[in-house]
Amino acid sequence: MQTSPCDIHLRGLRLEAPEAYSYVYYATFIAGERDFLKVRKNDVVLGAGAFIGGYTVKVARKAKEVVAVEPFPWAFKVLKRNMETNGLRNMVLVNKALYSVDGLNVRIKDGGITSSMGFSERVTIDSLGKF
């Protein structure tokens, strides 16, 4: 799913978001619903289901390293652009899904702010043990 992008700005960061999802990024990027998670400068953060980077782009300013895992190819491309636009060199991007076993090739469905296995785009899965 891709729609026209909109730009969201916060304290020197810029986030490109699909217009259809802009309401979601008000909560995660602007209102800071996850700001209670205290990230320190030596922390390594795993963003499982990073989508376009609403949380991972923001937290990369604080953490030593951020591993952002996003299975949807279109969202991964936006995530990469958001990382590059903000000059974040401490992010590692992984275009795969996570599960309890390695190497499965499954279909997942983009359900907007939720996803499910079974339909739509094919992705390869890695287990958390790889990280």
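Glutamate 70 touches Gly49, Ala50, Phe51, Ala75, Phe76, Leu79, Val94, Asn95 and Lys96, leaving out residues up to four places away in sequence; touching, or contact, means heavy atoms within 4.5 Å. Keep in mind that this is a predicted model, where local features need pLDDT of at least 70, side-chain atom pairs count only at pLDDT 80 or more, and totals for chains, interfaces and linings use all residues. Residues are numbered from 1 along each chain as its sequence is written, and side-chain values use heavy atoms, with hydrogens and water left out.

So where does glutamate 70 sit? Look in the loop between S4 and H3. Helices (H or I, at least four residues) and strands (E, at least two) are DSSP runs, numbered from the N terminus. Glutamate 70 counts as buried because its relative accessibility is 3%; buried means under 20% relative accessible area, exposed over 50%, and partly exposed in between, using a 1.4 Å probe and protein chains only. A polar atom of its side chain lies 2.6 Å from the backbone nitrogen of phenylalanine 51.

Phenylalanine 51 has another partner to look at. With tryptophan 74 it forms an aromatic pair that is edge-to-face, 5.5 Å centre to centre and with 85° between the planes. Rings of Phe, Tyr and Trp (its six-membered ring) pair if their centres lie within 6.5 Å; planes under 30 degrees apart count as stacked, over 60 as edge-to-face and the rest as tilted. The pair links distant parts of the chain, 23 residues apart: phenylalanine 51 is in the loop between S3 and helix H2 (56–59), and tryptophan 74 is in helix H3. Phenylalanine 51 and tryptophan 74 are both buried.

Now follow helix H3 itself. H3 covers residues 73–85, 13 residues in total, and reaches 18 Å from its first C-alpha to its last, close to the 18 Å expected at 1.5 Å a residue (the expected span is 1.5 Å times one less than the number of residues). Its buried residues are Trp74, Ala75, Phe76, Val78, Leu79, Asn82 and Met83. Just after H3, glycine 87 takes a positive phi of about 60°.

What about the strands? Strand S4 (residues 65–69) pairs with strand S5 (residues 91–94) in the parallel sense, over four bridges; two strands pair if DSSP finds at least two bridges between them. The chain crosses from S4 through H3 to S5, and this β-α-β crossover is right-handed: with the strands pointing away from the viewer, the path from the first strand over the helix to the second runs clockwise.

Conventions
A polar contact is a pair of N or O atoms within 3.5 Å; within protein, one must be able to donate a hydrogen and the other to accept it, and residues adjacent in sequence count only if both atoms are side-chain atoms.
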